[in-house]
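Reader: I have a structure open and want to go through some of its contacts with you. Can we start with the charged pairs?

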2 protein chains.
Amino acid sequence: MLNQQKKDQEEHIVFMQLAIELAKNAFEKDEVPVGAVIVERKTSNVIAGFSNQMRQNSIAIEHAEVLTIQQAMKVLKNERLVGCDMYVSLEPCPMCAHAISIARLDRLFYAASDPKSGGVEHGPRIYESSSCHHKPEVFVGMHASESSELLRNFFQSKRKN
Amino acid sequence: MLNQQKKDQEEHIVFMQLAIELAKNAFEKDEVPVGAVIVERKTSNVIAGFSNQMRQNSIAIEHAEVLTIQQAMKVLKNERLVGCDMYVSLEPCPMCAHAISIARLDRLFYAASDPKSGGVEHGPRIYESSSCHHKPEVFVGMHASESSELLRNFFQSKRKN
């Protein structure tokens, strides 16, 4: 049982690291550096992974989480992602937080918190609302400092330009 | 001035009627009957219009509002829909309400209210949250009974099956 817990913990770290790597890719493409992956629990397969594509496509709502959910639903040919978890490098905004609820994801892991624009532990606290009909389990803080630093560097580089 | 107001009022009715027609199309395709259009104010052109496509594509987050915003951004090649309004047949859910904010739409007109799942005047009241950085003007109730009846008929037909 302890071995299983250790394996689970190691997997969480690997999956969050993947999300961070996607965020770094976004940075290189001049996108706000946020990355997300969706993992099927029974197989531990990563079935979708995206970074933000707001600038690239001129579509401001193409957040990493929304793109990842769309892709996962296509892969599984299922409009419910029961048995799947999301790992994302930043606290989802209210749009993405509710999309995660609609998608019926089991668990949400996010790295850094977002006091200004987050929708899970900040702002409208989507999962505590009466309009939320599925609440994922939420785990916060893995790789948080790495994700925060990436975002800080990005916005500092923007201010210099 | 009064003539202009009358013209504006007539246009609002026409645009909302379009959203309702799209909702009727959705009903025929066994989708939850919601329709949305986005209108560019200076030209009065309808630049995008969609109904829900959640069942058709097995993607539960393909709500009419999200699809319409994506299309409008593609048409205008702009990730901000400043100077545009949305007309939608039902109160947007929290995901869509926040997407409307991100898109910087000027005005939101919706027909029926949605006490169970709405995110504007119900649930998390997205536009009153600290995580909301743009609040559209909101107008409620035009064609409300027609939209409500459509939704009621849809869910009654589901319960019979």
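Author: Arg41(B) and Asp85(B) meet through their side chains in a salt bridge, 3.7 Å from N to O. A salt bridge here is a side-chain nitrogen of Lys or Arg within 4 Å of a carboxyl oxygen of Asp or Glu. This is a predicted model, where local features need pLDDT of at least 70, side-chain atom pairs count only at pLDDT 80 or more, and totals for chains, interfaces and linings use all residues. Residues are numbered from 1 along each chain as its sequence is written, chains are lettered from A and ligands numbered from 1 in the order in which they are written, and side-chain values use heavy atoms, with hydrogens and water left out.

Reader: Where do Arg41(B) and Asp85(B) sit in the chain?

Author: Arg41(B) is in the loop between strand S1 (35–40) and strand S2 (45–51) of chain B, and Asp85(B) is in strand S3 of chain B, 44 residues apart. Helices (H or I, at least four residues) and strands (E, at least two) are DSSP runs, numbered from the N terminus.

Reader: Asp85(B), buried or exposed?

Author: Asp85(B) counts as buried, at 1% relative accessibility. Arg41(B) is partly exposed, with a relative accessible area of 36%. The cut-offs are under 20% relative accessible area for buried and over 50% for exposed, with partly exposed in between (1.4 Å probe, protein chains only).

Reader: Which other salt bridge does Arg41(B) form?

Author: Arg41(B) forms one with Asp106(B), the closest N and O atoms being 3.4 Å apart. Asp106(B) lies in the loop between helix H3 (94–102) and S4 of chain B, 65 residues from Arg41(B). At 25% relative accessibility, Asp106(B) is partly exposed.

Reader: And chain A, which residues are joined into one network there?

Author: Arg41(A), Asp85(A), Asp106(A) and Arg107(A) are joined by salt bridges that share partners. One of the pairs is Arg107(A) with Asp85(A), whose closest N and O atoms are 2.9 Å apart. Arg107(A) is in strand S4 (residues 107–112) and Asp85(A) in strand S3 (residues 84–90) of chain A, 22 residues apart. Both of these residues are buried.

Reader: How many salt bridges over all chains?

Author: The count comes to 14 by this rule. Two of the salt bridges are found across the interface of chain A and chain B. Glu79(A) with Arg55(B) is a salt bridge with its closest N and O atoms 2.9 Å apart.

Reader: OK, the interface then. What area is buried between chain A and chain B?

Author: About 2600 Å², with carbon and sulfur atoms giving 64% of that. Buried area is the accessible area (1.4 Å probe) that two parts lose on being put together, summed over both. The contact, meaning heavy atoms within 4.5 Å, takes 34 residues from chain A and 34 residues from chain B.

Reader: How many residue pairs are in polar contact across the interface?

Author: Eight, with both residues at pLDDT 80 or more. A polar contact is a pair of N or O atoms within 3.5 Å; within protein, one must be able to donate a hydrogen and the other to accept it, and residues adjacent in sequence count only if both atoms are side-chain atoms.

Reader: Which elements of chain A give two or more residues to the side that touches chain B?

Author: Helix H2 (64–76) and helix H3 (94–102) of chain A. The residues of that side divide into 14 nonpolar, 13 polar and seven charged. Ala, Val, Leu, Ile, Met, Phe, Trp, Tyr, Cys and Pro count as nonpolar, Asp, Glu, Lys and Arg as charged, and the others, Gly among them, as polar.

Reader: Give me a residue from H2. What does Gln70(A) touch?

Author: Gln70(A), which lies in helix H2 of chain A, touches Ile59(B), Ile61(B), Glu62(B) and Gln70(B), not counting residues up to four places away in sequence. Gln70(A) counts as buried, at 12% relative accessibility.

Reader: Last topic, backbone. Where is Lys77(B)?

Author: Lys77(B) is in the loop between helix H2 (64–76) and strand S3 (84–90) of chain B. Lys77(B) has a positive phi of about 50° although it is not a glycine, and at 69% relative accessibility it counts as exposed.
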